[in-house]
Amino acid sequence: MHRPRKEMIAETRAKLIAAARHAFGTTGYAEASMDDFTASAGLTRGALYHHFGDKKGLLQAVIAQIDGEMAARINEVASRAPTRWQHFVDECSTYIEMALEPEIQRIMFRDGPAVLGDPAQWPNASACVVSMTDHLTALQEEGVVVSSVDPETASRLINGASSQAAQRIANSNDPEATSKKVVTAFKQLLEGLLKKPDPQSN
C-alpha cells in the first residue's frame, strides 16, 4: 500500500529536523555539515532544500521545535505556583535557567541569535509578549502590580531582558555562577513592578 503523501512529507521533515538538531546541538551550527546530517537521515541535500530552503531555514525549524518543548516545560513548572504573581516570576526565571542546558544553550542562546538575529524579533516572541501582557493586566486588576505601568510595554522590556539574561549565561565562562547572579538580579527587577503596601491602611 502507498502511504499518503502528507505522511511521507511529515516523516521526511521530522528526520531532517532530528538529524540537524543533533548536529547543531553537538558540533554547532557553523561546523555542522549539511551532507553529514542529510546522510544520517538517509536523505539528500535536495530534500533539505525542498523542505527548508537552506541550512538557516532548517535551524529555524529546529528552534521552533525546541521552543515548543521549552514552553511546555515552563508552563508545567509555573502551573505549580501558589499565586498568579509567582506563576509569572517562575515562567520568566525558568526560561532563563534553561540556558544552563547544553543543547538549549548552544542552539537557542548562542547560535540562534548569531545566525537569526535578535530573539525579540523571532516569530515566537510575539506570543510570549501577549501572554506576559495578559498576566500583568490581570495582576494590575488584582492590585498586585502598580497601575501606572503599561502592561504591553513592560512585557516587551521583560521579554528583552530575559533574552539578554539567557544569552549572558550561555556565553559565560562559568554558566552556573552567572546564572545565580542573573536570576537574582532579574527577580529584583520584576519586584519593582509590585504595588507597595499603603502605610496609611494600617
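Which residues touch the most other members of the largest nonpolar core? They are Phe24, Phe37, Phe88 and Ile158, in a core of 49 residues. The model is predicted: local features need pLDDT of at least 70, side-chain atom pairs count only at pLDDT 80 or more, and totals for chains, interfaces and linings use all residues. Residues are numbered from 1 along each chain as its sequence is written, and side-chain values use heavy atoms, with hydrogens and water left out.

**Overall architecture**

- The protein has nine helices and zero strands, where helices (H or I, at least four residues) and strands (E, at least two) are DSSP runs numbered from the N terminus.
- Along its principal axes, the C-alpha trace spans about 75 × 45 × 25 Å.
- Of the 202 residues, 42% are buried (buried is under 20% relative accessible area, exposed over 50%, partly exposed in between, with a 1.4 Å probe and protein chains only).
- Contacts (heavy atoms within 4.5 Å) between residues at least 6 apart in sequence join residues at least 24 apart in 69% of cases.

**Nonpolar core**

- A nonpolar core is a set of buried Ala, Val, Leu, Ile, Met, Phe, Trp, Tyr and Cys residues joined through side-chain atoms within 4.5 Å.
- Leaving aside neighbours within four places in sequence, Phe24 is in contact with Tyr29, Ala32, Phe37, Lys55, Leu58, Leu59, Val62, Arg106, Ile107 and Asp111.

**Helix α5**

- In α5, 10 of the 14 residues are buried; among them are Trp85, Phe88, Asp90, Glu91 and Ile96.
- The cover over the buried residues of α5 includes α4 (55-78), α7 (123-141), α8 (151-170) and α9 (175-191).

**Serine 179**

- Ser179 lies in helix α9 and is buried, with a relative accessible area of 6%.
- Not counting residues up to four places away in sequence, Ser179 touches Glu97, Leu100 and Ile169.

**Pockets**

- On a 1 Å grid over the protein atoms alone, a cavity is a set of points where a 1.4 Å probe fits but cannot get out, and a pocket is an open set with protein on both sides within 12 Å along at least five of seven lines; lining residues have an atom within 4 Å of a point.
- The largest pocket has a volume of about 500 Å³, a volume being the space filled by probe spheres set on grid points, which are joined across faces, edges and corners.
- Of its 21 lining residues, Asp67, Ile74, Tyr95, Asn124 and Cys128 are the closest to the centre of the largest pocket.
- Helices α4, α5, α7 and α8 each give two or more residues to this lining, and α7 gives the largest share, six residues.
- The lining of the largest pocket divides into 13 nonpolar, six polar and two charged residues (Ala, Val, Leu, Ile, Met, Phe, Trp, Tyr, Cys and Pro count as nonpolar, Asp, Glu, Lys and Arg as charged, and the others, Gly among them, as polar).
- The second largest pocket has a volume of about 160 Å³ and is lined by Gln60, Ile63, Ala64, Asp67, Leu116, Trp122, Pro123 and Asn124.
- Helix α4 gives the most to the lining of the second largest pocket, with four residues.
- Five nonpolar, two polar and one charged residue make up the lining of the second largest pocket.
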